[in-house]
Amino acid sequence: MPAAPTHPTACLALADGTVFHGHGFGATGQTTAELCFNTSMSGYQEIMTDPSYAGQIVTFTFPHIGNTGVTPEDDETADPVAEGMVVKWMPTQASNWRAAQELSDWLASRGRIAIGGIDTRRLTRAIRQQGAPHVALAHSPDGKFDIAALVEAARGFAGLEGRDLAKGVTCAQSYRWDEMRWAWPGGYTRQTDARHKVVAVDYGAKRNILRCLASAGCDVTVLPATASYDEVMAHQPDGVFLSNGPGDPAATGEYAVPMIRGLLDKTEIPLFGICLGHQILALALGARTIKMNHGHHGANHPVKDVETGKVQITSMNHGFAVDSQTLPGHVLETHVSLFDGSNCGIRVNDRPIFSVQHHPEASPGPQDSFHLFERFAQSMRDRAA
């Protein structure tokens with residue numbers, strides 16, 4: 001790997017005027033976004049390609065980012081969606097048998113800016129104490145920056161509240177999905193004996209979530225985020241899945257909520273939501289959502305199942321949350337975060353409708369919650385019986 005330059009070649013400017021200088025890698029240029037931090041110790045490629053990170057730059061609290069390189073098998077969507085990357089140490093040469101490319105080269109080829117040599121502890125403390133800031137990130141090999149202009153650009157960022165970002169990351173048209181989860185030694189295999197017809201509404205779906213549906217025995221048809229009730233039901237699904245995604249659920253809900261309410265009012269088919277899908281389902285049921293101070297981002301979040309008392313370690317990425325105080329009487333809170341007590345799951349009483357805030361497919365992260373896909377499949381079997 002080339003040695004880091006002796007002078008700063010990248011700059012991170014916060015809207016409050018705080019400026020961090022470091023060494024740039026990946027693409028050159030400038031971008032603005034909301035800054036969040038992620039506490040995962042692995043899976044940086046999955047994080048950067050997770051559509052839920054649209055409109056955000058990710059600070060990694062774990063310093064060893066880039067060590068294992070990148071491989072096309074780990075992309076959660078075709079290209080990185082997160083706007084940029086902030087790390088403590090510059091990436092070292094990739095050392096992993098699956099590596100197909102160096103992280104810096106991959107970011108450069110995909111137009112994503114990264115900065116290393118940053119005091120990520122200080123930055124993370126600032127985010128926790130003051131909330132997720134608006135920032136401008138610039139990378140220029142000559143190290144010349146207009147600091148005042150960068151701060152002004154950060155202040156001009158529109159933020160995520162009120163923004164519908166799902167339309168920007170959803171699929172352009174419907175498609176079928178049959179690829180299952182990766183397993184040694186064969187890698188990805190195809191589902192050839194599906195038992196359940198599932199429509200997955202794509203608000204920014206990760207590939208591994210779709211793989212988990214296929215692995216649970218589902219014949220998956222993916223529809224764009226704007227799909228109507230009639231378009232969903234035209235596929236005669238046994239169940240409907242509401243995917244993860246970015247942005248403010250209240251904004252996305254302008255078109256998604258009517259579709260879900262149609263499913264709630266006119267059918268008895270099982271519904272399963274994750275992340276943004278969980279939040280939109282809650283809106284359709286009559287609850288409200290709120291913007292969090294700095295959100296939850298990481299693969300080490302403890303979540304308690306309040307109905308069983310079991311604690312699961314989960315993977316999370318969200319800056320909005322369901323306000324559990326606004327849940328109607330027939331909707332039960334099933335999961336809560338042990339970090340701050342925020343809502344992490346709901347279910348409708350006496351109906352096969354449930355959702356969770358965390359990402360149970362665990363890409364990256366623990367696999368404690370995969371059973372939720374099996375629960376969804378079981379609910380479709382029960383209804384068929």
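View 1. E14 gives the largest share, 4 residues. Of the 16 lining residues, the closest to the centre include Ser52, Gly245 and His318. The space amounts to about 140 Å³. A cavity is a set of points on a 1 Å grid, over the protein atoms alone, where a 1.4 Å probe fits but cannot get out; lining residues have an atom within 4 Å of a point. Helices (H or I, at least four residues) and strands (E, at least two) are DSSP runs, numbered from the N terminus.

**View 2. The largest nonpolar core.** This core has 34 residues, and Tyr203, Met259 and Ile260 have the most contacts inside it. H8 gives the most to this core, with 7 residues. A nonpolar core joins buried Ala, Val, Leu, Ile, Met, Phe, Trp, Tyr and Cys residues through side-chain atoms within 4.5 Å.

**View 3. The buried side of helix H4 (residues 147–156).** Leu150, Val151 and Ala154 are buried (under 20% relative accessible area; exposed is over 50%, partly exposed in between, with a 1.4 Å probe and protein chains only). These residues lie on the same side of H4 because they cover an arc of only 100° around the axis, taken from the directions from the helix axis to the C-beta atoms. The face turned away carries the exposed Ala148 and Gly156.

**Notes.** Residues are numbered from 1 along each chain as its sequence is written, and side-chain values use heavy atoms, with hydrogens and water left out. In this predicted model, local features need pLDDT of at least 70 and side-chain atom pairs count only at pLDDT 80 or more, while totals for chains, interfaces and linings use all residues.

Technical notes: On a 1 Å grid over the protein atoms alone, a cavity is a set of points where a 1.4 Å probe fits but cannot get out, and a pocket is an open set with protein on both sides within 12 Å along at least five of seven lines; lining residues have an atom within 4 Å of a point. Grid points are joined across faces, edges and corners, and a volume is the space filled by probe spheres set on the points.
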